[in-house]
Amino acid sequence: MTNVELENEINALKTELTSLKQTVNANASAIAANTAVISKKADVTAVNTISTRVTAAEGSITSQGSSITTLNNSLMAVQTRVTALENK
């Protein structure tokens with residue numbers, strides 16, 4: 001190889017190396033950004049704990065709704081009886 005050919009090969013390698021450095025730097029930045037986002041995500045234990053609490057709360061709300069309906073029906077029955085007594 002001539003000196004010119006060697007210099008051309010070296011310059012091509014330098015260009016490729018510069019490109020690779022830029023790619024590595026871009027990937028490092030992307031990894032850092034992804035790491036920051038991932039660290040803000042809830043872990044599976046926290047999600048499962050919240051899910052269990054929500055399920056328990058839903059059961060309690062359903063039970064209380066049934067109790068309110070029963071109480072309302074009882075009050076309506078009493079009101080009907082009071083109205084009947086008032087009309088006598």
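**View 1. Ser66 is partly exposed, with a relative accessible area of 43%.** Here, buried means under 20% relative accessible area, exposed means over 50%, and partly exposed lies in between (1.4 Å probe, protein chains only). Ser66 sits in helix H2, which covers residues 44-86. Leu85 lies 19 residues from Ser66 along the chain, and their C-alpha atoms are 29 Å apart. This is a predicted model, where local features need pLDDT of at least 70, side-chain atom pairs count only at pLDDT 80 or more, and totals for chains, interfaces and linings use all residues. Residues are numbered from 1 along each chain as its sequence is written, and side-chain values use heavy atoms, with hydrogens and water left out.

**View 2. The protein chain has two helices and zero strands.** Helices (H or I, at least four residues) and strands (E, at least two) are DSSP runs, numbered from the N terminus. The radius of gyration is 37 Å, well over the 12 Å that the globule rule gives for 88 residues, so the protein chain is more spread out than a compact globule. That radius is taken over C-alpha atoms, and the globule rule is 2.2 Å times the number of residues to the power 0.38. Along its principal axes, the C-alpha trace spans about 125 × 25 × 15 Å.

**View 3. Of the 88 residues of the protein chain, how many percent count as buried?** The share is 0%.
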